[in-house]
Each structure stands twice: as structure tokens, then as C-alpha cells.
Amino acid sequence: MTGRAPRADRSARPVRPPRPARPGRSAHAGRRSARAGRYALRLLSLAAALGLWQALTSLKIDVWLRFSQFPTVAEVARALAARLAGPDYWTDLTDSLTRIVTGFALAAVLGVATGVLVARSRLAEDLLGPLLEVVRPIPAIALVPVAILLFPSNEQGIVFITCTAAFFPVLVSTRHAVRALTPVWEEAVRTMGGGRWRVLGSVVLPGALPGIFGGLSVGIGVSWICVISAEMISGQYGVGYRTWQDYTVVDYPDVFVGMVTIGVLGWLTSTAVELLGRRLTRWLPRASRAPTARPRPRRPAAPPPTPATVHEEPEEEARDEHLV
């Protein structure tokens, strides 16, 4: 009579780790509510600032700071509505945006290319480094006489000043980002047969993207400062030119309209640069701001005693008895 084969012990089977739970609708709803709360808080802060401005100017409070000279929020809003109805506002807006986009695009291309070249080549660093370090401390707005003498038209001079203002922040950030790369990545690509262009496209540019976009974010803000200043000095159209003309005729509500327009345009362009940077660096790990509990590490279970360790003590005792 043949017996049945013994069943395998279930306890010896490997235990599968539990699958991570997928975020359900409640998690998505929580994220949406948190995002809506942040937007509401931002709008509330802006409304509080406008309310404080309206209160200080309407009450004409003069306590060391002379708010009685300021136009109220209502006066600025009426001036903005009047400017929006006319064609001059949109012409100035188009001219300023064309100048800033052209100059910033040139600065981005030249700054990234020069920064990579200086960081990767000792010859380029020796040839270009001293010249760049001498020109970099000069404010871009101080180059207005140079632009007037160098270029045949004011439009080209303003674009040159805007490009110069954004060039150096992009150059410095790109140079530091390339030099901070880990050399192991380049060695791995060269081990697999990659050349210089392969290293540049697969290691240098992707690895330096966070630093490059940091410089671009700084450069776009500096570009707006310099393009408005250049328009005030030598421009014929543009938001800066119109703001200065309103100041010369003591039209303070229109002056504040120009200031608000500059601020909104700068905020929109900076946001566009940041969104593009996040889009191109999606492969980077994003740190979550929500505090999460760290899982406690489990202690590994002690291994079961092997037959060798079980019989090790009797063998040692037998040897000791034999020696005695």
C-alpha cells in the first residue's frame, strides 16, 4: 500500500510584501482642496494689500510716510480702464514684450553656450574668463551710451541692453552647474563608447538644467528692470517710456498704471520660465512638503541554527575529553 506524498509546509513559502495602496478619490480630493486653499490664501493676501493701500490713501495718513500724495486704488483702476480703451496702451505693451523676448532669448542661448564652453574647456576659460569677469560688474543700464554709439537705432540698443542684463546671470549659473556635475556619469558614457557630443547631450545639459533654469529665472527679472530703464532713457514707445512721460506731466494714477503693468508682465514671464523648467526637469525627484511618518526598520529575524552549529559543541567537548 503506497502512502500519499507529504504535503509541503506552507510556512516555508516566501511571504509576498503587501502591495502599496493606490491613491483613491479621497487623496485626489484632498490635494485639490489643499491647492484651492493655497490659491485662496494668495488672493486674500493680495486683497488685504489693496485694502490697506485704499485705506491709507483715502484717509490721507501722513505719519513719517506721506500717503496723502498717493493716488487711491479707485483712481488707479479708473486710469487703467481708460488706458485699456485706447490703442497706445497695447502698442506700448507689444513693444516692451517684443524687446524683452528678443533680448532674453539671445541671452539664454549665448549664456548657456558660453557657460558650458568656459566650464568644459580650459583654453576658453583662459581666453574668455578675464574679459567676462571685467565686464560682468558693469551695470547693464550703464551701457546705454555704448548702445547709442554702437547701434544705428534705439530699438537695437534696447535689445542689446536687455540681452546683456540677462546674459551674465545665465552664464554664471550654467558654469557652476556644469562644474558641479558628477564625473562618474561622463565616465560611464565614455566607457560605453560615447563621444564629446554624446556626453554633452546625455550628461552635461540634462544634469545642468536645474542650475540653468535658476539663472534664467534671475535673468528674466533683471531683463525687465533694464528694459524699462532703457525705455525711459532712450525709448520712443514701451511701458517704461509711457510711465516716464506720465511722471513728467505729474499724472500719478497713470504712473501707477505703468508700475502695475510692469509688475504683472514680470510675474507672468517669470512664471512661464519656471513652468518650462519644471516641464523639462520632470525626471528630478520632487520633495513632498507634507510631513510623513518614517517607517520603522524591521529587525531581521535570527537565522535558524544549522546542523553544523548544533553539533559543534559536542565535537569541541569530545576533543577536550580526548586531550584530558
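Arg190 and Glu186 are four residues apart in helix H7 (residues 183-191), so about one helical turn separates them. Helices here are DSSP runs of H or I with at least four residues, numbered from the N terminus. The two residues form a salt bridge, with the closest N and O atoms 3.2 Å apart; the term requires a side-chain nitrogen of Lys or Arg within 4 Å of a carboxyl oxygen of Asp or Glu. Arg190 is partly exposed at 39% relative accessibility, and Glu186 is partly exposed at 21%. Buried means under 20% relative accessible area, exposed over 50%, and partly exposed in between, with a 1.4 Å probe and protein chains only.

The model is predicted: local features need pLDDT of at least 70, side-chain atom pairs count only at pLDDT 80 or more, and totals for chains, interfaces and linings use all residues. Residues are numbered from 1 along each chain as its sequence is written, and side-chain values use heavy atoms, with hydrogens and water left out.

Arg190 also belongs to the lining of the second largest pocket, together with Val116, Leu117, Arg120, Ser121, Arg196, Trp197, Leu200 and Val204. Helix H3 (87-120) and helix H8 (196-234) are the elements that give two or more residues to this lining, and H8 has the largest share, with four residues. The space in the pocket is about 290 Å³. On a 1 Å grid over the protein atoms alone, a pocket is an open set of points with protein on both sides within 12 Å along at least five of seven lines, whereas a cavity is a set where a 1.4 Å probe fits but cannot get out; lining residues have an atom within 4 Å of a point. Points are joined across faces, edges and corners, and a volume is the space filled by probe spheres set on them.

The whole structure has one cavity of 30 Å³ or more. The largest cavity has a volume of about 60 Å³, and its lining consists of Arg83, Tyr89, Asp92, Val239, Arg242, Thr243, Asp246, Asp254, Val257, Gly258 and Thr261.

Two of the lining residues, Asp92 and Arg242, meet in a salt bridge through their side chains (2.8 Å, N to O). Asp92 lies in helix H3 and Arg242 in helix H9, so this pair ties together parts that are 150 residues apart in sequence. Asp92 is buried, at a relative accessible area of 1%.

Glu133 lies in helix H4 (residues 122-135) and Arg175 in helix H6 (residues 154-179), so parts 42 residues apart in sequence are tied together. Glu133 is partly exposed at 33%, while Arg175 is buried at 14% relative accessibility. The structure holds nine salt bridges, and a network of them links Arg99, Glu155 and Glu231.

On the surface, Met232, Ile233, Trp244, Tyr247, Val250 and Tyr252 form a nonpolar patch with about 580 Å² of accessible area together. H8 and H9 each supply at least two of the patch residues. Tyr247 lies in helix H9 and is partly exposed, at 43% relative accessibility. Patch residues have over 30% relative accessible area and no salt bridge; nonpolar side chains (Val, Leu, Ile, Met, Phe, Trp, Tyr) are joined within 5 Å, and like charges within 9 Å. Accessible areas come from the Shrake-Rupley method with a 1.4 Å probe, and for residues only the protein chains shown count as cover.
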